[in-house]
Amino acid sequence: MPEQIHVMERRTRQRAALKEAIEQAARPLTPQEILAEAQDAVPGLGIATVYRNIKALMSEGWLHKVEMPGGVDRYERAGLHHHHHFHCQECDRVFDVEGCPGNVESLAPPGFQVASHEIVLYGRCATCSS
Ligand SMILES: [Zn+2]
Ligand SMILES: [Zn+2]
């Protein structure tokens, strides 16, 4: 039994470290980036554990998947207010873009009903363009 408790404690610590890494980043992260961010806090952390926790946090409604056209899925905290993303083509990082031009629904042809929209800006981030 003590061993089982030990495993549970370890899993709880891993979960907490992953959540903290995601919140600290304040931008959508790939599973590899989550692993890199949380590795210091959780020695021996592996990518399988990251994926397992992503799945669990998604089903709990804590985590939200950000699908990038032609890119790897990223993950951000669920429940953030409406915002968009910037994909740096140099370093492949994705950043949050505050605000929305609004009224993009009017771009749809007459008679079409818009349910949602995504806007992705592409280019170079501040670090890469300096
Ligand atoms: Zn960049
Ligand atoms: Zn918008």
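A residue counts as buried under 20% relative accessible area, exposed over 50% and partly exposed in between, with a 1.4 Å probe and protein chains only. By that scale Gly79 is exposed, at 80% relative accessibility. This is a predicted model, in which local features need pLDDT of at least 70 and side-chain atom pairs count only at pLDDT 80 or more, while totals for chains, interfaces and linings use all residues. Residues are numbered from 1 along each chain as its sequence is written, chains are lettered from A and ligands numbered from 1 in the order in which they are written, and side-chain values use heavy atoms, with hydrogens and water left out.

**Zinc ion (ligand 1)**

- Cys88, Cys91, Cys125 and Cys128 coordinate the zinc ion (ligand 1) through their SG atoms, at 2.2 to 2.5 Å; donors are N, O and S atoms within 2.8 Å of the metal (3.2 Å for Na, K and Ca), and water is not among the atoms, so sites may look incomplete.
- The arrangement around the zinc ion (ligand 1) is tetrahedral because its 4 donor atoms subtend angles of 100 to 126°; for four donors, the term requires all angles to lie between 85 and 135 degrees.
- For comparison, the ideal angle for four tetrahedral donors is 109.5 degrees.
- Along the chain, the donors of the zinc ion (ligand 1) follow the spacing C-x2-C-x33-C-x2-C.

**Zinc ion (ligand 2)**

- The zinc ion (ligand 2) is held by NE2 of His82, His84 and His117 and by SG of Cys100, at 1.9 to 2.2 Å.
- Angles of 104 to 114° between the 4 donor atoms make the arrangement around the zinc ion (ligand 2) tetrahedral.
- The donor residues of the zinc ion (ligand 2) are spaced H-x1-H-x15-C-x16-H in sequence.
- Cys100 and His117, 17 residues apart, both lie in the loop between strand S4 (94-97) and strand S5 (120-123); strands (E, at least two residues) and helices (H or I, at least four) are DSSP runs, numbered from the N terminus.
- Cys100 is partly exposed, with a relative accessible area of 31%.

**Loop between S3 and S4**

- Gln89 is found in the loop between strand S3 (84-88) and S4, and its relative accessibility of 60% makes it exposed.
- Leaving aside residues up to four places away in sequence, Gln89 touches Tyr122 and Gly123, where contact means heavy atoms within 4.5 Å.
- Gln89 and Cys128 are 39 residues apart in sequence, with a C-alpha to C-alpha distance of 9.2 Å.
- Asp92 also has its place in the loop between S3 and S4; Asp92 is partly exposed at 41% relative accessibility.
- Asp92 is a residue other than glycine with a positive phi, near 65°.

**Loop between S4 and S5**

- Asn103 sits in the loop between S4 and S5 and is exposed, with a relative accessible area of 59%.
- The phi of Asn103 is positive, about 55°, although Asn103 is not a glycine.
- Glu118 is likewise found in the loop between S4 and S5, and at 67% relative accessibility Glu118 is exposed.
- Between the C-alpha atoms of Glu118 and Arg11, 107 residues apart in sequence, the distance is 34 Å.

**Loop between S2 and S3**

- Gly79 lies in the loop between strand S2 (74-77) and S3.
- Gly79 and Tyr122 are 43 residues apart along the chain, and their C-alpha atoms are separated by 24 Å.

**Side-chain pairs**

- Arg27 lies over the face of Phe95, at 5.5 Å from the ring centre; a charge sits over a ring if NZ of Lys or CZ of Arg is within 6 Å of the ring centre and within 35 degrees of the ring normal.
- A search of the whole structure finds 0 disulfides, a disulfide being a pair of cysteine sulfur atoms within 2.5 Å.

Technical notes:
Four donors count as tetrahedral if all angles lie between 85 and 135 degrees; four count as square planar and six as octahedral if opposite donors are over 155 degrees apart and all others between 65 and 115; anything else is irregular.
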